[in-house]
Amino acid sequence: MSSYSVSLRFTTTPGLEDITAGELRERLSAGASAAGDGGDFEIEPKPLDLDGHVMLHTGRTQAQLRPTVFNMRSCFHIIRHITSLQMRETDPLGALEEELKSLDVAEMRSASAFRVTTNRSGSHSFKSMDVQRVAGAALVERYGTAVDLEGFDTEVRVDAVGATWLIGVQWTRDSLDKRYPWVYRPRVTLRTTIAYAMLRLADLPAEAPTILDPFCGSATILIEAASVRADVRCLAADRDTEAVIGAHANADAVGLSDRIDIREADARDLAETYPPASVDAVVTNPPYGIRLGKHANYTELYRKFLSGAAAVLKPGGRLVVLVGKRRAIFNRVLREQPEFRIVNVRVIEIGGVYPAVFVLQR
């Protein structure tokens with residue numbers, strides 16, 4: 001990596017690292033073509049075997065990179081990576097303090113105020129607050145810069161991932177997935193980053209695709225689709241009146257109400273709601289738990305939904321569906337559906353929950 005001058009670390013949903021790597025590669029390649037540059041970069045999904053991380057090494061300058069990477073849709077934060085080191089078994093915080101007192105953090109030389117933030121995954125003998133206290137004190141001693149948790153201009157990230165310290169400077173102040181002014185936001189709302197990943201997995205046609213979300217909820221998937229592509233035709237449905245009203249409000253809030261056809265309809269009746277073979281992709285996140293009630297018949301729900309999706313999909317079209325707690329039932333029902341071929345199944349992690357994204361082809 002010595003020939004590269006900049007390393008950036010992107011945080012993403014565990015299980016979707018390849019989606020982030022693919023998006024990043026596309027954006028950098030397009031930028032290189034426009035500028036007449038070569039492919040002066042290397043991308044590592046899951047560097048150091050770390051779930052939920054993608055690393056970029058490049059010879060491009062930070063000024064060249066910022067316009068490109070800040071348009072990323074599949075990641076949360078962008079961190080200029082400085083170094084990684086293995087934790088010392090005895091006194092890991094003491095070893096971290098020693099490292100930070102000698103580490104060159106270029107941004108700290110001109111910072112007027114800074115803060116330290118920490119993400120931890122795995123089992124540790126310390127808390128995130130302990131890391132921030134030790135790291136903050138070490139950086140104050142080295143640079144003499146004041147700590148300000150709100151008015152900072154530099155954010156130093158010291159993450160503890162398993163037995164590894166990851167140290168860098170975070171470029172993003174707010175997570176990149178917070179890109180819409182939601183009016184209606186149910187308690188469980190799909191993250192825009194996951195919606196974007198599901199749309200990529202749908203492998204939409206190059207020209208004027210039609211996409212359907214029959215469990216649209218807050219309309220996250222279709223708002224994301226319409227925001228990414230101007231030529232996509234978006235069809236949304238939900239049997240819940242409140243969700244339909246909320247989806248309309250969300251589409252209005254982002255100026256996309258004329259691009260998304262939202263109706264009140266049951267996902268178990270797709271063949272009665274939409275013409276046969278009229279949809280290029282069905283991309284959806286079926287509800288579970290509270291919205292369906294304790295005694296919901298998931299077998300019947302999935303059977304009717306899959307049968308209807310097969311009817312409205314064009315031959316070769318894809319169904320991308322996020323399945324949560326009832327994955328065994330979904331798998332059992334899926335085996336009864338000869339219309340679908342399994343393209344890919346991947347387990348992702350969302351806040352300690354592990355749903356699966358099924359990619360099926362008609």
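Mentor: Let us begin with burial: Tyr180 is buried, and Trp182 is buried too. This is a predicted model, in which local features need pLDDT of at least 70, side-chain atom pairs count only at pLDDT 80 or more, and totals for chains, interfaces and linings use all residues. Residues are numbered from 1 along each chain as its sequence is written, and side-chain values use heavy atoms, with hydrogens and water left out.

Trainee: What makes a residue buried, exposed or partly exposed?

Mentor: Buried means under 20% relative accessible area, exposed means over 50%, and partly exposed lies in between (1.4 Å probe, protein chains only).

Trainee: Why is the pair of Tyr180 and Trp182 called edge-to-face?

Mentor: Rings of Phe, Tyr and Trp (its six-membered ring) pair if their centres lie within 6.5 Å; planes under 30 degrees apart count as stacked, over 60 as edge-to-face and the rest as tilted. The structure holds 7 aromatic pairs. In the case of Tyr180 and Trp182, the centres are 5.5 Å apart and the planes stand at 65 degrees, so the pair is edge-to-face. Tyr302 and Phe330 also form an edge-to-face pair, with 5.1 Å from centre to centre and 90 degrees between the planes.

Trainee: What parts does the pair of Tyr302 and Phe330 tie together?

Mentor: Tyr302 lies in helix 9 (residues 298-312) and Phe330 in helix 10 (residues 327-334), so the pair ties together parts that are 28 residues apart in sequence. Helices (H or I, at least four residues) and strands (E, at least two) are DSSP runs, numbered from the N terminus. Tyr302 and Phe330 are both buried. Ring pairs also link Tyr298, Tyr302, Phe330 and Phe358 into a cluster.

Trainee: How do you know that the charged end of Arg66 sits over the ring of Trp171?

Mentor: A charge sits over a ring if NZ of Lys or CZ of Arg is within 6 Å of the ring centre and within 35 degrees of the ring normal. The charged end of Arg66 is 4.0 Å from the centre of the Trp171 ring and sits over that ring. Arg173 likewise lies over the face of Phe152, 3.9 Å from the ring centre.

Trainee: Why is the contact between Glu26 and Arg200 called a salt bridge?

Mentor: A salt bridge is a side-chain nitrogen of Lys or Arg within 4 Å of a carboxyl oxygen of Asp or Glu. The side chains of Glu26 and Arg200 meet at 2.9 Å, N to O, and form a salt bridge. Glu26 lies in helix 1 (residues 17-35) and Arg200 in helix 5, so the pair ties together parts that are 174 residues apart in sequence.

Trainee: Which salt bridge does Lys101 form?

Mentor: Lys101 meets Glu141 in a salt bridge (3.4 Å, N to O). Glu141 lies in helix 4 (residues 128-143) and Lys101 in helix 3, so the pair ties together parts that are 40 residues apart in sequence. Glu141 is exposed, at a relative accessible area of 57%, whereas Lys101 is partly exposed at 31%.
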